[in-house]
Amino acid sequence: MLPLSPGRAERHGFEYYRHGTLSLYAALNVKMGKVEGKTAKRHASSDFIAFLTELIGKAKWAREIHIVLDNLSAHKTHAVSDFLAQHPKVRFHFTPTYSSWLNQVEIWFAKIERDVIARGVFTSVADLSRKLMKYIRAYAKGAQPVRWTYTDLKRRY
């Protein structure tokens, strides 16, 4: 999609140049509502382990670290298993297939797609990375945890 401008309706470009792809790793701290993020050129287990190492470094105080993941193959390699063996306080929980909506960070991924990617203009992969990380930093300033509440007690199971 092309960016909106005053007096101009939503438009789609008929031609674009794809500069490349980028992976975004994100971890949502559900207690605080903050997101830690990192971009990588690819989605390999070595990049995933590097992201996990950064997260653990920021949460040294934690007795246990629970991580909810999708079933991507990069999350289930021998290198990741070795990493988990070296870090016994880290626990993985995999969402069932076709149930990524259960993972709260997936809701956040939908938000960043709407707010940054859908109407974005990116001149390079580095530009995309810069804009994603800028969004993550801005989001962190006002981050709050999601409060799940029932409003109709008759629908509570």
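Buried means under 20% relative accessible area, exposed means over 50%, and partly exposed lies in between (1.4 Å probe, protein chains only). This is a predicted model, in which local features need pLDDT of at least 70 and side-chain atom pairs count only at pLDDT 80 or more, while totals for chains, interfaces and linings use all residues. Residues are numbered from 1 along each chain as its sequence is written, and side-chain values use heavy atoms, with hydrogens and water left out.

**View 1. Lys111 on helix α3.** Lys111 is found in helix α3. Helices (H or I, at least four residues) and strands (E, at least two) are DSSP runs, numbered from the N terminus. The relative accessible area of Lys111 is 29%, so the residue is partly exposed. Leaving aside neighbours within four places in sequence, Lys111 is in contact (heavy atoms within 4.5 Å) with Tyr135 and Tyr139.

**View 2. The whole chain.** The protein chain has four helices and four strands. From the N terminus on, they run β-β-α-β-α-β-α-α. Of the 157 residues, 29% count as buried. Among contacts with a separation of 6 or more, 59% join residues 24 or more positions apart.

**View 3. The largest nonpolar core.** A nonpolar core is a set of buried Ala, Val, Leu, Ile, Met, Phe, Trp, Tyr and Cys residues joined through side-chain atoms within 4.5 Å. In soluble globular proteins, nonpolar side chains tend to be buried together. The largest core here has 18 residues, and Phe48, Leu52, Ile65, Ile67, Val90 and Phe92 touch the most other members. At least two core residues come from each of β1 (23-29), α1 (45-58), β3 (65-69), α2 (78-86) and β4 (90-94). Helix α1 gives the most, with six residues. Another core, of 13 residues, lies apart from this one; Val105, Ile112, Val116 and Met133 are among its members.

**View 4. Phe92 and its contacts.** Phe92 touches Phe48, Leu52, Ile67, Leu69, His75, Val80 and Leu84, not counting residues up to four places away in sequence.

**View 5. Helix α1.** This helix has 14 residues. From first C-alpha to last it reaches 20 Å, close to the 20 Å expected at 1.5 Å a residue. The expected span is 1.5 Å times one less than the number of residues. Ser45, Asp47, Phe48, Ile49, Phe51, Leu52, Leu55 and Ile56 are buried in α1. They pack against β1, β2, β3, α2 and β4.

**View 6. The buried face of α3.** Helix α3 (residues 104-117) has 14 residues, which should span 20 Å; its end C-alpha atoms are 19 Å apart, which agrees. Its buried residues are Val105, Trp108, Ile112 and Val116. Seen down the helix axis, they fall within an arc of 50°, so they line one face of α3. The arc is that of the directions from the helix axis to the C-beta atoms. Their cover includes β1, β2 (34-40) and α4 (125-141).

**View 7. A cavity and a pocket.** On a 1 Å grid over the protein atoms alone, a cavity is a set of points where a 1.4 Å probe fits but cannot get out, and a pocket is an open set with protein on both sides within 12 Å along at least five of seven lines; lining residues have an atom within 4 Å of a point. Grid points are joined across faces, edges and corners, and a volume is the space filled by probe spheres set on the points. The structure holds one cavity of 30 Å³ or more. The largest cavity has a volume of about 40 Å³. Glu36, Gly37, Phe51, Glu54, Leu55 and Lys58 line it. The second largest pocket has a volume of about 170 Å³. Its lining draws the largest share, five residues, from α3.
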